[in-house]
Amino acid sequence: MKKLAEVLRNWEAVIGLEVHTELTMLETKMFCGCRLSHDDEPNANVCPICLGMPGALPVPNEKAIESIVMAGIATNCEVMRQSMFYRKHYFYPDMAKNFQTTQGPVAFVMHGHLDLEVTGNGAKERPDGTIEKAADGSYIAPIRILRIHMEEDAAKMVHVGGAEGRIGGASESLIDYNRCGTPLVELVTEPDLRTPEEARLFMEKLRQTFLTLGISDCSLENGSMRCDGNISLRRRGETAFGTKTEMKNINSFKSLHDALEYEICRQAEVLEEGGIVYQETRHWEPSRRRTVVMRVKETADDYRMYPDPDLAPFDLSDEFIERCRARVPELPDAKRDRYVSAFGLKRADAAQIAGDPKIASFFEEAAAAVKGKVVPTVANVVVNLLPGRSVTAGQAASLATLLAGDAITFAQAREVLDIVEGTEADPEKVVDERGMRQSTDTGALEGIVDEVLGRCTDQVAQYRSGNKKVLGFLVGQCMKASKGTGNPKLFNQLLAQKLED
Amino acid sequence: MPSFDTLSAAQIAAGIAAGDFSATEVARAALDAIDARDDGTRAFLQVSEDLALAAAAQTDKAYAAGDTLPPLAGVPVAFKDNMNLLGTRTTCASRMLEPYQSAYTATCVQRLLDAGATPMGKLNMDEFAFGSTTDSSAFHPTNNPWDTARVPGGSSGGSAAAVAAGEVTIALGSDTGGSIRQPASLCGVVGMKPTYGAVSRYGVVAFGSSLDQVGPFGRRVEDVALAMNALTAGGHDRFDSTSQNCEQDYLAHLNDSIEGRAVGVIPALLEAEGLDAEVKAALQQAADRLADAGARIVEVDLPNMANSIAAYYVLAPCEAFSNLARFDGVRYGYQEPDCATLAEQSSLSRAHGFGAEAKRRQMLGAYLLSSGVYDKYYLAAQKVRTLITADYQRAFQQVDAILMPASPTVAWEHGAISDPAALYLADIYTISNNIAGNCGISVPVCLGEQSGLPVGAQLQGPAFADASLLTFARALERACQMEGTVAPSFAGKGGEL
């Protein structure tokens with residue numbers, strides 16, 4: 001198969017996403033009072049309503065509707081005051097009533113957009129000339145959102161006795177109704193995405209947004225956030241859509257990117273060989289890095305959708321909508337911009353911190369405990385040293401202060417972290433107790449520098465003839481001579497100064 | 001003492017409160033009456049003797065403790081078998097649910113129990129409430145207590161027959177297109193379909209969710225009003241998002257005068273083809289009696305009523321198809337044995353679990369909701385619904401209630417009408433009320449001169465005017481002197497207190 005870059009020169013990939021997100025942060029299910037938890041014993045959280053027992057009726061979860069309206073506001077959607085629930089019929093045991101309660105033509109929120117900042121190598125996937133790019137190759141891709149609607153999740157089926165838990169060859173199918181009735185929001189984009197990277201970024205941004213709203217734990221791995229990709233190709237310059245395929249089993253951002261990349265290349269190969277792309281659902285196999293056919297859609301399914309007569313039509317009040325709006329916190333983009341302008345953070349660091357509400361609040365707590373000029377170092381610590389570690393914001397602040405004052409090196413900071421992680425120890429005390437504090441006494445350091453320059457004449461000559469890389473070696477010699485107590489940054493400065501003289 | 005069937009609900013509760021007799025004695029009398037009479041009516045599907053005696057014992061304990069007794073203390077009641085009651089099966093008179101044990105108690109049932117009523121059991125019905133004869137019950141037909149060769153009407157035929165034969169004092173039924181008012185008319189009892197939303201539907205197996213409404217049967221308007229008090233006590237049911245707070249004292253204005261108030265009649269309806277001369281005469285008599293009581297009789301028109309049957313037989317099957325989709329033999333109910341695949345199990349369980357009418361309505365609904373057909377029928381029917389609702393709104397600007405038949409005929413013999421379409425057409429007087437969500441009540445007027453069978457008149461009122469409707473019903477009852485009548489061949493048979 002051809003490579004993506006080559007394919008996209010001749011073909012335009014048209015990608016749309018359908019993203020299902022479970023509102024895991026709610027306490028109860030969509031239409032009953034059952035506890036929302038998938039970790040309990042199978043079928044522990046069930047009642048006549050979510051089991052579809054005769055005579056049971058649904059009552060909508062107000063908090064779920066608050067959540068979806070917040071999601072809509074955060075993605076620049078219009079809040080549709082009047083909408084309804086519909087019944088979507090299909091016979092399968094994972095849906096206790098044999099219909100799913102979902103929404104019809106009008107969803108709670110519609111017609112929004114997210115603007116993606118595509119930078120770095122990812123931006124190169126989009127051929128030049130197909131969108132306006134900045135000097136550094138980055139570009140903004142505005143992605144329209146068609147709608148976000150509310151529905152209920154189905155039960156989880158476990159097929160036993162077959163291969164890989166698939167139904168084919170299974171001897172038994174077990175049903176866990178704990179998940180049945182979980183509030184689920186489905187976001188549908190317009191087919192505005194053009195590269196796998198854009199799709200990946202969209203999902204990432206959506207995840208960051210929903211995490212910030214606090215409406216879901218958004219775990220692709222555990223399936224609380226699920227993404228289906230629809231993709232078709234058309235020759236550059238054409239306006240009609242090609243036949244699309246739908247991709248399932250995407251459980252990581254990388255899978256999303258790689259599955260789309262594979263599928264674009266596969267469709268291009270089929271089309272270039274004069275073949276036909278069939279409208280079908282394909283399954284991504286991460287281990288074999290390919291998509292395989294799940295099922296072919298020969299006819300459109302007839303779900304016999306009609307308005308659910310058990311659920312009165314909604315007419316959301318101004319007060320309700322304003323309450324939702326007030327509950328939308330500062331979103332990742334605004335937070336990033338604030339970090340850059342207020343704290344002088346690097347844009348990339350700011351974006352990374354702002355993208356995760358837990359990290360952002362940790363950062364803000366640590367930043368509040370240090371002097372203003374140390375804040376960028378806090379960001380540096382948070383982004384580069386802390387991932388995977390468990391320390392307090394106070395410890396991070398202390399560490400950043402030490403680093404900013406050149407009292408320890410980055411390498412030493414890691415050592416300090418090893419010591420304080422999981423304890424309440426103050427990094428500053430640890431550094432002092434262990435004599436790790438580096439000397440910033442220029443006079444003492446100057447002596448060492450002179451001694452090193454005196455004996456490393458070869459390197460000095462090399463430096464002066466243009467090989468500036470030897471500076472690193474000389475800094476190392478100084479560090480060694482100071483038994484690690486000298487500040488490498490200062491050594492660097494002093495050495496450079498003396499060598500240039 | 002005579003049979004308990006001579007007493008009103010209030011008299012039973014008062015007798016217990018006064019120590020004249022105990023709730024247990026009343027329950028035993030009712031069990032005795034059921035024993036003596038139900039062979040003739042076959043109104044019951046299950047008699048819940050244990051639950052009845054336990055509830056009665058509870059009431060007697062409260063009496064012994066000197067507690068103030070609730071308003072329906074010790075009153076024998078029974079429930080249409082589409083209402084869940086813990087400790088009973090809820091079968092909907094279908095093989096599909098024959099083994100189904102109620103997993104919880106319906107709100108309407110619970111509210112009667114909370115009011116102190118004694119639950120005697122579950123009553124026969126047309127399968128899943130599809131019908132107007134009770135002959136489509138998968139288990140057995142129910143007989144009209146006035147002539148056991150005849151149908152009691154339906155679908156709440158068991159409820160109407162049990163009350164008419166004096167087996168219980170009050171029964172609950174459900175009315176999707178006339179299923180309370182028509183059997184009440186055919187059995188000579190009072191049957192009320194309250195405003196949509198007045199009574200919670202939670203725990204009542206759904207047929208047509210936008211049309212279904214639970215209501216009481218009694219031999220007196222007063223008993224029905226007392227039941228309405230209990231059914232609406234506590235107001236909105238948080239388990240039914242379509243329920244409304246209709247809590248009030250429905251007895252308060254029961255005996256108010258209707259002097260000067262307006263009752264509408266629709267002359268064209270009384271000239272309609274297929275209307276029995278006896279029914280027509282009874283309606284004329286009812287109008288005269290209401291006029292005698294001081295009401296102004298005003299001619300009104302519901303121009304779109306003729307389309308109500310067409311609209312109803314689109315909307316109701318669509319909702320029925322959807323509501324009955326859950327019965328697939330996977331989790332409960334009838335399960336076809338020895339199936340190789342899920343699809344086979346589901347389809348054979350449904351093929352063998354449902355009767356002919358249940359299948360007919362579901363197939364119809366499945367077709368009407370399918371893509372390409374939906375707009376033509378379902379959407380069109382919803383538009384008709386809007387027109388009918390508007391017709392009523394206009395009419396109720398002129399009048400407080402509208403008088404019309406509940407059924408075009410008196411009770412017919414079992415099997416006399418076999419064409420489903422003919423049965424559908426007989427719903428003409430009742431279904432527009434469900435379509436508009438208004439309230440309606442059938443009150444016995446007289447016995448037909450030829451047939452000797454009871455004839456009822458229906459009064460309809462605007463939504464949420466249930467108390468006012470009961471005032472008109474009481475005025476009609478007072479004038480017609482049918483109050484408290486038990487079908488003669490059953491009256492006093494067993495049930496001595």
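Guide: Buried means under 20% relative accessible area, exposed over 50%, and partly exposed in between (1.4 Å probe, protein chains only). This is a predicted model: local features need pLDDT of at least 70, side-chain atom pairs count only at pLDDT 80 or more, and totals for chains, interfaces and linings use all residues. Residues are numbered from 1 along each chain as its sequence is written, chains are lettered from A and ligands numbered from 1 in the order in which they are written, and side-chain values use heavy atoms, without hydrogens and water.

Visitor: How many residues of helix H5 (residues 157–164) of chain B are buried?

Guide: Helix H5 of chain B is mostly covered. Its buried residues include B:Gly157, B:Ser159, B:Val163 and B:Ala164. The count is 8 of 8.

Visitor: Which residue takes a positive phi just after H5(B)?

Guide: Helices (H or I, at least four residues) and strands (E, at least two) are DSSP runs, numbered from the N terminus. Just past the run called H5(B), phi is about 75°. The residue is B:Gly166.

Visitor: What percentage of the residues of chain A count as buried?

Guide: Chain A has 17 helices and 16 strands. Its C-alpha trace spans about 90 × 55 × 50 Å along the principal axes. Of its 501 residues, the buried share is 51%.

Visitor: Is A:Tyr262 buried or exposed?

Guide: A:Tyr262 lies in helix H5 (residues 253–272) of chain A. Its relative accessible area is 19%, which means that A:Tyr262 is buried.

Visitor: Which residues is A:Tyr262 in contact with, leaving aside its neighbours within four places in sequence?

Guide: Contact means heavy atoms within 4.5 Å. A:Ala107, 155 residues away along the chain, has its C-alpha 33 Å from that of A:Tyr262. The residues in contact with A:Tyr262 are A:Met1, A:Trp284, A:Arg289, A:Arg290 and A:Thr291.

Visitor: What residues does A:Ser390 touch, not counting those up to four places away in sequence?

Guide: A:Ser390 is found in the loop between helices H10 (375–385) and H11 (393–404) of chain A. At 48% relative accessibility, A:Ser390 is partly exposed. Its C-alpha is 9.3 Å from that of A:Thr423, 33 residues apart in sequence. A:Ser390 touches A:Glu421 and A:Gly422.

Visitor: At what angle do helix H2 (residues 62–74) of chain A and helix H4 (residues 196–213) of chain A pack?

Guide: Axes are lines fitted to C-alpha atoms, for helices over the stretch in contact, and angles run from 0 to 180 degrees between N-to-C directions. The axes of H2(A) and H4(A) are 10 Å apart. Their angle is about 130°.

Visitor: Which residues of H2(A) and H4(A) make the contact?

Guide: The angle of about 130° makes H2(A) and H4(A) oblique to each other. H4(A) brings A:Thr209, A:Phe210 and A:Leu213 to the contact. From H2(A) come A:Met70, A:Ala71 and A:Ala74.

Visitor: How far apart are the axes of helix H9 (residues 357–368) of chain A and H11(A)?

Guide: H9(A) and H11(A) pack at an angle of about 55°. The two are therefore oblique: angles under 35 degrees count as roughly parallel, over 145 as roughly antiparallel, 65 to 115 as roughly perpendicular and the rest as oblique. The axes are 8 Å apart.

Visitor: Which residues in H11(A) meet those in H9(A)?

Guide: H9(A) contributes A:Phe362, A:Glu365 and A:Ala366. In H11(A) they meet A:Ala393, A:Ala396 and A:Ala397.
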